[in-house]
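I opened my notebook for a first walk through a new structure. Here is the model I looked at, with my entries below.

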Amino acid sequence: MHPFSILTLAIFVAGYITARWDLVTRLYELTIFAWDKGVIVRAAQGFAALSLAFLLIFIPVQHLAQVEADLHPRSPSLGISAREQLRRRGSF
């Protein structure tokens, strides 16, 4: 390898390592700042609230929908859906 190429490669590698180290230290400082300002606790509370909403609202609604679908199944004698008609025509 040409000496100029080796020097260029060494400068590139040194710059790359410096940039990565700078990103790691900035991420570390950002993490400490977020912890001090309570961002992590608020994010955890938001996650817990959304999980609770999912458990209390969406799962029971899905269960009710499944029960109703089992009680009133679609009869093939009623015809086919609009979506199926479009699919068969090739328009969907």
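This is a predicted model: local features need pLDDT of at least 70, side-chain atom pairs count only at pLDDT 80 or more; totals for chains, interfaces and linings use all residues.

**Entry 1: a pair of rings**

Residues are numbered from 1 along each chain as its sequence is written, and side-chain values use heavy atoms, with hydrogens and water left out.

I then looked up aromatic pairs: rings of Phe, Tyr and Trp (its six-membered ring) pair if their centres lie within 6.5 Å, and planes under 30 degrees apart count as stacked, over 60 as edge-to-face and the rest as tilted. The structure holds two such pairs. F12 and Y16 form a stacked one, with 6.4 Å centre to centre and 25° between the planes.

For accessibility, I used these classes: buried is under 20% relative accessible area, exposed is over 50%, and partly exposed is in between (1.4 Å probe, protein chains only). F12 is exposed, at 56%, and Y16 is partly exposed, at 45%.

F54 and F58 form a tilted aromatic pair, 6.2 Å centre to centre with 40° between the planes. Both sit in helix 2, four residues apart, about one turn of the helix. I read 44% relative accessibility for F54, so F54 counts as partly exposed.

**Entry 2: a greasy-looking patch**

I stayed with F58, which lies in helix 2 (residues 39-71). Which residues form a nonpolar patch on the surface? I found L52, F54, L55, L56, I57, F58, I59 and V61, with about 790 Å² of accessible area together. Patches are made of residues with over 30% relative accessible area and no salt bridge; like charges are joined within 9 Å, and nonpolar side chains (Val, Leu, Ile, Met, Phe, Trp, Tyr) within 5 Å. Accessible areas come from the Shrake-Rupley method with a 1.4 Å probe, and for residues only the protein chains shown count as cover.

**Entry 3: salt bridges**

Side chains of opposite charge can pair when their charged atoms come close. I took a salt bridge to be a side-chain nitrogen of Lys or Arg within 4 Å of a carboxyl oxygen of Asp or Glu. How many salt bridges does a search of the whole structure find? It finds three.

R26 forms a salt bridge with D22, and their closest N and O atoms are 3.0 Å apart. Because R26 and D22 are four residues apart in helix 1, about one helical turn separates them. R26 is exposed at 53%, while D22 is partly exposed at 34%.

R87 and E84 come to 2.7 Å between their closest N and O atoms, and R88 and E84 to 3.0 Å. R87 is three residues from E84, about one helical turn; R88 is four residues from E84, also about one turn. E84 is partly exposed at 21%, and R88 is exposed at 58%.

Of the eight residues of helix 3, zero are buried, so helix 3 lies largely in the open. Q85 is found in helix 3 and is partly exposed at 41%. I checked Q85 against W35: they are 50 residues apart in sequence and 56 Å apart in space, C-alpha to C-alpha. After helix 3 comes G90, whose phi is positive, near 85°.

**Entry 4: the whole chain**

I counted three helices and zero strands, in the pattern α-α-α. Why is the protein more spread out than a compact globule? Its radius of gyration is 30 Å, well over the 12 Å that the globule rule gives for 92 residues. This radius is taken over C-alpha atoms, and the rule is 2.2 Å times the number of residues to the power 0.38. Of the 92 residues, 2% count as buried.

Last, I checked pLDDT, the predictor's confidence in each residue, from 0 to 100. The mean is 89, and 96% of the residues reach 70 or more.

Definitions and conventions: Helices (H or I, at least four residues) and strands (E, at least two) are DSSP runs, numbered from the N terminus.
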